[in-house]
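Hi,

Here is the structure I promised to pass on to you. Have a look at it first, and then read my notes below.

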Amino acid sequence: GTTGQPASSSAKPAEELPIAVSTLTTTTLTTTTANVTAVKRVSLAEIARWRNILKFQWVFFHLGKAGGGSISLRLKELGLSLQVVHPGPFKGMADRFPNVLIALRDPVDRYLSAFNWACVVVCHPNDNRRKDGDAAQHPEENCRYSKDESDMLFRKYKGNANTLAEGLCSADGVVAASAASDLHTVNHAKWPLKLWAERGSLQRKKRVLGIVQEPGFSMQAQINA
């Protein structure tokens with residue numbers, strides 16, 4: 001016979017999960033964690049409160065070549081607005097914000113990406129692309145003209161990031177100093193995380209939330225959470 005009790009199930013009940021930024025565009029909160037989905041209603045006032053918290057209490061440090069573009073796009077899709085610091089850090093850039101969202105990536109991967117990106121957007125010798133257009137948004141059509149930068153990337157280092165890295169590690173002081181000077185002309189690579197931390201006063205922030213771009217980390221899952 002039956003006992004009147006529901007049949008047992010191996011399904012895990014939905015947990016009470018905190019409000020996630022991925023839900024702040026509707027009045028329904030849906031969050032999925034470890035294959036468990038929780039749904040509950042939230043008021044428009046609560047949504048507005050969280051948007052104000054993010055807008056006025058958080059700043060986004062967009063480190064170049066660390067996935068910041070993808071983070072910005074996702075935040076925009078969620079209807080969220082944060083003050084953005086990009087492409088480089090400067091003193092006092094976020095003094096009025098107690099909390100920081102920061103894009104993070106392995107320094108070597110970030111360096112390689114920055115160097116290779118420079119080789120894409122900087123006009124190389126005999127380049128047929130337009131030299132007065134937006135190279136960052138349309139590198140297939142445009143390039144950024146800089147003879148000194150072009151000579152450094154394509155003549156001195158032959159478009160090879162490893163050659164520059166070897167120069168940085170050279171026991172020859174002259175070679176190492178020259179390579180360090182060249183590194184400071186490569187956009188994004190010239191601003192390491194240490195400089196962002198110092199100028200952004202990260203040690204004095206109430207909260208610092210890193211979004212990691214590396215294999216094994218889901219960028220969207222990190223942002224949504």
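Predicted model: local features only at pLDDT ≥ 70, side-chain atom pairs only at ≥ 80, totals over all residues.

The protein chain has eight helices and six strands; helices (H or I, at least four residues) and strands (E, at least two) are DSSP runs, numbered from the N terminus. Residues are numbered from 1 along each chain as its sequence is written, and side-chain values use heavy atoms, with hydrogens and water left out.

**The whole chain**

Of the 225 residues in the protein chain, 36% are buried. Here buried means under 20% relative accessible area, exposed means over 50%, and partly exposed is in between (1.4 Å probe, protein chains only). The accessible surface of the chain is about 13500 Å², and 54% of that belongs to carbon and sulfur atoms. Those areas come from the Shrake-Rupley method with a 1.4 Å probe, and for residues only the protein chains shown count as cover. As for contacts (heavy atoms within 4.5 Å), take those between residues at least 6 apart in sequence: 62% of them join residues at least 24 apart.

**The strands**

Five of its six residues are buried, so β5 is largely enclosed by the rest of the structure. Which strands pair with it? Strand β3 (residues 58–61) runs parallel to β5, joined by four bridges, and strand β6 (residues 207–212) is also parallel to β5, with six bridges. Two strands pair if DSSP finds at least two bridges between them. You can follow Ile-102 across: it is the bridge partner of Phe-61, and in β6 its partner is Gly-210.

**Helix α4**

Next, go to helix α4 (residues 147–156), where Glu-149, Ser-150, Met-152, Leu-153 and Phe-154 are buried. They cover an arc of only 165° around the axis, which puts them on the same side of α4; the arc is that of the directions from the helix axis to the C-beta atoms. If that pattern is new to you, an α-helix has 3.6 residues a turn, so residues three or four places apart point the same way. The cover over the buried residues of α4 includes α3 (107–121) and α6. On the face turned away from the buried side, you'll see the exposed residues Asp-148 and Arg-155. Just after α4, Lys-158 has a positive phi of about 55°.

**The cysteines**

How many disulfides are there? Counting pairs of cysteine sulfur atoms within 2.5 Å, there is one disulfide. It joins Cys-123 to Cys-143, with 2.0 Å from S to S. Both cysteines sit in the loop between α3 and α4, 20 residues apart, and both are buried. Elsewhere, Cys-119 is buried at 15% relative accessible area, while Cys-169 is exposed at 68%.

**One histidine to look at**

Last, find His-188 in the loop between α6 (173–183) and α7 (193–199). Is His-188 buried or exposed? With a relative accessible area of 9%, His-188 is buried. Leaving out residues up to four places away in sequence, His-188 touches Gly-64, Lys-65, His-86, Pro-87, Arg-110, Ala-114 and Trp-117.

Cheers
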